[in-house]
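We will go from stop to stop together.

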Amino acid sequence: MRFVAIMKCLHSFMAFPYTTVSVSFLIRKYSTKTELRQVPKRYLGQPSPFTHPHLLKAGEVTPGLTQEEYALRRYKLMSLIQREFNALGGGTDHAVLFFSNPTVYMTNDIPFPFHQHNDLLYMCGFMEPDSILLLQNKPGLTLPSHTATLYVQKRDATRELWDGPQSGTDGAVALTGVDEALPIEEFKLVLPRMHDEGVTVWLDTTGPAHTSLHSRFLKPLMESITQGKKSVRPTQHLVQKLRLIKSSAEIELMKKASHISSYAFIQTMHSSKAPVDEAFIYAKFEFECRSRGANILAYPPVVAGGNRANTLHYIKNNQIIKPGEMVLLDGGCEASCYDTRRYCPHHVGHYLGMDVHDTPDISRSIPLQSGMIITIEPGIYIHDDDIAAPEKFRGLGVRIEDDVVITEQSPIILSAQCPKEIYDIQQVCGM
Ligand SMILES: [Mn+2]
């Protein structure tokens with residue numbers, strides 16, 4: 001049995017310690033100072049430097065990413081907003097909103113593991129559901145000077161009994177370094193301010209991330225905005241512009257993640273001998289990733305033996321791989337294909353980051369820039385009933401994905417350690 005290794009799950013491995021690059025000098029330059037508050041000495045709704053010192057250093061919000069880094073992201077967003085708004089003209093009051101994801105339930109009251117909305121996560125690192133991040137200009141001051149307020153769930157003993165500790169307002173503000181954290185119920189108090197003439201509301205206009213928060217808070221706001229002819233502007237293209245270019249700290253995270261996933265591929269190849277159940281390879285790959293510090297596989301991997309590799313989203317992973325068959329192992333999932341060439345129904349690359357298909361609205365035709373991470377993933381897919389193809393190639397699907405950091409000098413190939421040459425794969429598989 002041969003394996004074709006495809007790496008594309010780097011975004012999901014974000015929870016491990018590593019060296020961070022300080023950007024505090026930039027913060028001082030922009031005078032967006034963050035004063036380090038004492039994180040409460042108790043469990044929060046997410047790892048903190050107090051409870052998880054093996055994951056986070058003091059001042060880090062999420063592993064490897066400091067309060068300064070998050071503050072700089074917000075500063076850069078407000079700068080982009082200011083620039084865009086100057087070009088359009090208009091008032092001076094701005095409110096920028098980011099909604100969390102809701103908890104999604106598998107059945108009745110059993111929740112799936114919570115995944116935060118990536119834009120809110122990118123802007124402040126807060127990982128609890130039912131929360132809102134509000135950025136607004138300071139009264140009388142123009143952007144990018146602003147205040148950041150998190151609206152979070154109030155701590156509730158009954159809820160904590162069932163769902164575990166919550167950060168509360170004190171935990172949220174100390175961990176993330178935003179200016180203020182308030183109970184989510186108080187968000188309704190900010191609505192009257194936004195009702196005032198001249199407030200421009202910025203938010204992701206692609207659809208409600210959180211339907212219940214949306215109907216509680218956003219719908220009345222949007223209705224009043226429409227009536228009052230106040231303006232609503234989209235943020236998604238601005239956030240994607242920021243997320244496109246990775247910081248040194250983000251690149252370090254991706255490097256670490258690559259080492260873990262390359263090692264997981266090698267271990268999985270090494271210990272899988274045909275005949276073998278696709279489920280075994282799935283479980284082995286996940287085990288090897290998670291046991292080395294990976295957080296979670298964000299999407300079900302594709303483990304497709306033989307002709308099943310031609311089903312691009314094959315995730316059933318429940319068939320026996322026979323001796324002599326190839327298997328395609330894909331650590332993530334794919335978006336819809338747009339390239340319709342006969343044997344390569346797939347793009348040859350995309351941006352990579354917090355999402356497998358990161359910053360999807362950014363054109364793939366723009367020049368490469370330092371700090372981008374892209375994939376290069378040539379593939380060939382030949383169905384078993386394709387009589388135009390030589391018989392020996394029918395029922396074969398191969399894709400090899402490399403993940404590449406663009407720098408001012410040579411590119412860094414994050415997936416370099418993953419065996420891809422036929423000889424190397426045969427060695428690892430003991431063939
Ligand atoms: Mn890919």
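Which backbone nitrogen does a side-chain oxygen of aspartate 277 reach at the start of H10? Select both partners: the nitrogen belongs to alanine 279, and the oxygen comes to within 2.9 Å of it. Before moving on, note that this is a predicted model, where local features need pLDDT of at least 70, side-chain atom pairs count only at pLDDT 80 or more, and totals for chains, interfaces and linings use all residues. Residues are numbered from 1 along each chain as its sequence is written, and side-chain values use heavy atoms, leaving out hydrogens and water.

Next, select 278–290, helix H10 (helices are DSSP runs of H or I with at least four residues, strands runs of E with at least two, numbered from the N terminus). Colour Glu278, Ile281, Lys284, Phe285, Glu288 and Cys289, which are buried (under 20% relative accessible area, 1.4 Å probe, protein chains only). Look down the axis of H10: its buried residues fall within an arc of 130°, so they line one face of the helix (the arc is taken from the directions from the helix axis to the C-beta atoms).

Now show the open sheet, whose 6 strands follow the order E9-E8-E7-E4-E10-E11 with mixed pairing (strands pair if DSSP finds at least two bridges between them). Its edges are E9 (180–183) and E11 (232–234), each pairing on one side only.

Zoom in on E4 (93–99) and E10 (199–203), parallel strands joined by 4 bridges. Here histidine 94 sits opposite threonine 200.

Notes: Expected span 1.5 Å × (residues − 1). Buried < 20%, exposed > 50% of the residue type's maximum accessible area, 1.4 Å probe, protein only. Polar contact = N/O pair within 3.5 Å; in protein donor to acceptor, adjacent residues only side chain to side chain.
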